[in-house]
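Biologist: I've got a model with a ligand in it, and I'd like to learn how to read the site and the holes in the protein. Can you walk me through it?

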Amino acid sequence: MGEVNDLSFKEDVLYLENVYKSYDTTDGTLTPLKGISASIPAGAFVILMGHSGAGKSTLFRLLTRLEEPDKGRIYYKGNPLSFYAPTLLRREVHYVFQTPVLFPHTVEDNLTYPYKLKGEMPTEKEMTDLLTQCALSPVYLKRPIDQLSGGERQRVNLARSLSLTPNVLLLDEPTASLDPDSTVQIEKTIKSYHAQGHTVLWITHHPEQAERLGEIVWRLKDGDFVRKAVAQ
Ligand SMILES: Nc1ncnc2c1ncn2[C@@H]1O[C@H](COP(=O)(O)OP(=O)(O)O)[C@@H](O)[C@H]1O
Ligand SMILES: [Mg+2]
């Protein structure tokens, strides 16, 4: 897996150098990220843990340029993030939000969208296969989004993200509102996505899930990572 603390970033897909992020709040300035440096080797499976409010989602927002660091730099494939147009960057380093943002049409409409971006049209089988991988029966294809539960929307969102085939997948508690069977299916799907050579960063609160999935576990605590490599 390489050295998690090795900061020679030529081989790294993502590299963070002394990254700070603060927010002005009614209670004063809050600094969830206090000078984080980290290298993420291409093809790694990183589990990100840390208590609620520790800065996990903030980190994902910085990695996709939804927000900018106050200090420090982030590199993707050796170039500063600012080198990439945000929309293109977000297709390669793709943030699967905890609360999905979907078009208020059918599941099918949502799944065809990423293909249209690439000038393609998916077959019905491609779409139903994606749904199955994300623990949804093919019958969901024609369903309107506004008739789905939160967990079902989360799975449609994941299916849509996977169809973009991002190089780096950022998953923000993707199984938080799912039942155990669906959780097992999603874990299997993401493991196989990772096995195809993609990099995965997965936020979870569950130590058992971290043990099952991660090669590297990083806990955000007091603004920095506490690192731990999981013995395989
Ligand atoms: N836009 C913002 N304005 C003010 N505070 C924010 C903003 N975004 C996040 N925060 C605060 O920063 C901290 C880290 O947030 P977040 O990254 O969402 O935490 P986590 O995902 O680890 O639960 C939290 O205390 C949150 O309230
Ligand atoms: Mg969060």
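This is a predicted model: local features need pLDDT of at least 70, side-chain atom pairs count only at pLDDT 80 or more; totals for chains, interfaces and linings use all residues.

Biologist: What else contacts an oxygen atom of ligand 1, a backbone N or O atom of A54, for instance, and at what distance?

Modeller: For a polar contact, look for a pair of N or O atoms within 3.5 Å. A54 has a backbone N or O atom 3.2 Å from an oxygen atom of ligand 1. With K56 it's the side chain: one of its N or O atoms is 2.8 Å from an oxygen atom of the ligand.

Biologist: And how much of ligand 1 does the protein bury?

Modeller: Compare the ligand alone with the ligand in place. On its own, ligand 1 exposes 560 Å², and the protein buries 64% of that.

Biologist: Which residues around ligand 1 come nearest?

Modeller: The shell takes in residues with a heavy atom within 4 Å. There are 13 residues around ligand 1, and the nearest are G53, G55, K56, S57 and T58. By class, that shell has 7 polar, 4 nonpolar and 2 charged residues.

Biologist: Now the holes. How many cavities of 30 Å³ or more are there?

Modeller: A cavity is space where a 1.4 Å probe fits but cannot get out. Here the count is 2 cavities of 30 Å³ or more.

Biologist: What lines the largest cavity?

Modeller: Read the lining as a list, then by class. V96, F97, Q154, R155, L158, D172, P174, L178 and I186 line the largest cavity. That makes 6 nonpolar, 1 polar and 2 charged residues. Helix α5 (residues 150-163) contributes the largest share of this lining, 3 residues.

Biologist: And which residues line the second largest cavity?

Modeller: Its lining consists of L16, I40, V46, L48, L59, L63, L201, W218 and F225. By class there are 9 nonpolar residues, with no polar and no charged ones. β3 (45-49) and α1 each supply at least two residues of that lining.

Notes
Residues are numbered from 1 along each chain as its sequence is written. Chains are lettered from A and ligands numbered from 1 in the order in which they are written. Side-chain values use heavy atoms; hydrogens and water are left out. A polar contact is a pair of N or O atoms within 3.5 Å; within protein, one must be able to donate a hydrogen and the other to accept it, and residues adjacent in sequence count only if both atoms are side-chain atoms. Accessible areas come from the Shrake-Rupley method with a 1.4 Å probe; for residues, only the protein chains shown count as cover. Ala, Val, Leu, Ile, Met, Phe, Trp, Tyr, Cys and Pro count as nonpolar, Asp, Glu, Lys and Arg as charged, and the others, Gly among them, as polar. On a 1 Å grid over the protein atoms alone, a cavity is a set of points where a 1.4 Å probe fits but cannot get out, and a pocket is an open set with protein on both sides within 12 Å along at least five of seven lines; lining residues have an atom within 4 Å of a point. Grid points are joined across faces, edges and corners, and a volume is the space filled by probe spheres set on the points. Helices (H or I, at least four residues) and strands (E, at least two) are DSSP runs, numbered from the N terminus.
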